[in-house]
Amino acid sequence: MKKNRGRDIGKRAQEEMVGFALIVIFVAIILLFLVVFYLRGQDREGIESYEINSFIQSFLHYNTDCEDYFGGVEVRKLIFKCDDGIQCLDGRNSCDVLEETLKEITRESWPFGPERPIKGYELKIITNNKEILGLYEGNQTNNFRGAMQDFTIAPDSVEVSFRAYYD
Amino acid sequence: MVRKMKNKKAQMKIQQMAFMLIAVTLFFVFAGLFFAMIVFSDIRKAAEGLEERNALLLVSKLANSPEFACGNAFGSFKTSCIDADKAMALKNNIELYKDLKGNFWGVDGVEIKKIYPTDYAEIECDSGNYPECGKITIFQKQGIGVSNFVALCRKEGSGGFIEDKCELAKIIVYYGGDNN
């Protein structure tokens with residue numbers, strides 16, 4: 001009888017040990033998942049990039065083939081023409097020219113693909129809180145660099161932002 | 001019998017201690033890992049940012065120097081803008097310029113490469129083919145190249161009047177070459 005009681009206590013203690021070990025392992029796994037999710041969430045904030053800032057500044061000066069009476073219109077001015085619905089001298093829609101030009105510029109400047117470090121990009125132009133152009137190419141990863149530039153020709157304000165997504 | 005019971009008890013105690021040790025070790029390992037990952041991810045970000053910033057500052061300094069910068073020549077004042085006509089004049093007189101100022105910028109090579117439009121992208125510019133070309137090598141390149149985007153602007157005559165023509169380019173600065 002005494003022998004049986006001793007064996008029961010021993011068994012119960014062993015079970016408790018196993019239970020404790022399982023809890024420790026369970027908590028450790030949860031902690032690990034939390035760490036991974038926390039760090040992934042941090043990466044999503046991205047890094048402000050000087051290179052992208054220069055890219056935006058430079059393409060805003062680019063003279064497109066949409067002509068007015070002074071010659072090829074700069075991208076910066078074409079954004080306002082697009083917003084106001086003004087056409088080019090040859091009758092083309094200024095928004096179409098803007099989209100086509102920026103598509104080609106970004107494709108040449110930020111080549112992307114599975115074998116390249118850049119996996120995709122997005123370019124957004126917002127005037128007076130309304131998106132007039134959005135170019136989205138490739139995959140959007142958690143690791144990205146970006147920059148934003150805003151400027152005003154009263155009363156309109158424009159916000160140009162670009163993000164490059166990396167491996 | 002008593003000895004057997006004592007042995008079992010001792011075994012249990014050892015097991016208990018082993019579990020505790022594993023648990024405590026695991027806890028410290030994860031806590032350390034968590035801390036290290038946060039610290040190193042911040043350091044990595046800061047290092048990447050600083051490296052990029054330093055390299056691009058060097059390029060920007062050069063692009064905005066009077067020898068290259070557009071200044072007010074194309075309407076309003078433009079930053080990140082290179083006057084292609086100035087760059088061509090500098091390229092053609094670089095030996096004279098080197099004699100006067102030595103390696104004024106302290107770099108081992110400067111090149112301007114047109115990104116868009118892509119016509120003539122691989123053709124080196126000289127006084128014969130300019131502006132129908134895509135590369136202006138100011139002086140020979142060696143070492144590590146750092147690049148940044150710029151607007152490459154020039155004056156172009158068409159239909160009896162002169163208009164500004166800006167294209168997208170990259171200025172590539174080489175530094176850290178052996179023959180410095």
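Me: How many helices and strands does chain A have, and how are such elements defined?
Reply: Helices (H or I, at least four residues) and strands (E, at least two) are DSSP runs, numbered from the N terminus. By that definition chain A has four helices and seven strands. Along the sequence they follow the pattern α-β-α-β-β-α-α-β-β-β-β. This is a predicted model, in which local features need pLDDT of at least 70 and side-chain atom pairs count only at pLDDT 80 or more, while totals for chains, interfaces and linings use all residues. Residues are numbered from 1 along each chain as its sequence is written, and chains are lettered from A and ligands numbered from 1 in the order in which they are written.

Me: What is the domain assignment of chain A?
Reply: Domain bounds come from an automatic or database domain assignment. For chain A it gives domain 1 (1-43) and domain 2 (48-166). The C-alpha centres of these two domains lie 56 Å apart.

Me: Which elements of chain A supply the side that touches chain B?
Reply: Two residues are in contact if their C-beta atoms, placed from the backbone, lie within 7 Å. The contact takes 31 residues from chain A and 37 residues from chain B. On the chain A side, helix H1 (2-43), helix H2 (50-61), strand S3 (71-74) and helix H4 (94-109) each supply at least two residues. The largest share, 13 residues, comes from H1(A). By class, that side has 17 nonpolar, eleven polar and three charged residues; Ala, Val, Leu, Ile, Met, Phe, Trp, Tyr, Cys and Pro count as nonpolar, Asp, Glu, Lys and Arg as charged, and the others, Gly among them, as polar.

Me: Which residues of H4(A) are buried?
Reply: A residue is buried if 20 or more other C-beta atoms lie within 10 Å of its own, exposed if 12 or fewer, and partly exposed in between, with C-beta atoms placed from the backbone. In H4(A) the buried residues are A:Ser94, A:Val97, A:Leu98, A:Thr101, A:Leu102, A:Ile105 and A:Thr106. Seen down the helix axis, they fall within an arc of 145°, so they line one face of H4(A). The arc is that of the directions from the helix axis to the C-beta atoms. Over chain A, buried residues make up 23% of the 167 residues.

Me: Which residues have the most contacts inside the largest nonpolar core?
Reply: In soluble globular proteins, nonpolar side chains tend to be buried together. A nonpolar core is a set of buried Ala, Val, Leu, Ile, Met, Phe, Trp, Tyr and Cys residues joined through C-beta atoms within 7 Å. The largest one has 56 residues, and B:Ile82, B:Val150, B:Leu152 and B:Ile171 have the most contacts inside it. Its largest share, six residues, comes from strand S5 (residues 144-158) of chain B. Not counting residues up to four places away in sequence, the residues that B:Val150 touches include A:Ser58, B:Ile82 and B:Ile171.

Me: Where is A:Asn128, and is it buried or exposed?
Reply: A:Asn128 is in the loop between strand S4 (118-127) and strand S5 (130-138) of chain A. With 11 C-beta neighbours inside 10 Å, A:Asn128 counts as exposed. Phi of A:Asn128 is near 45°, a positive value in a residue other than glycine.
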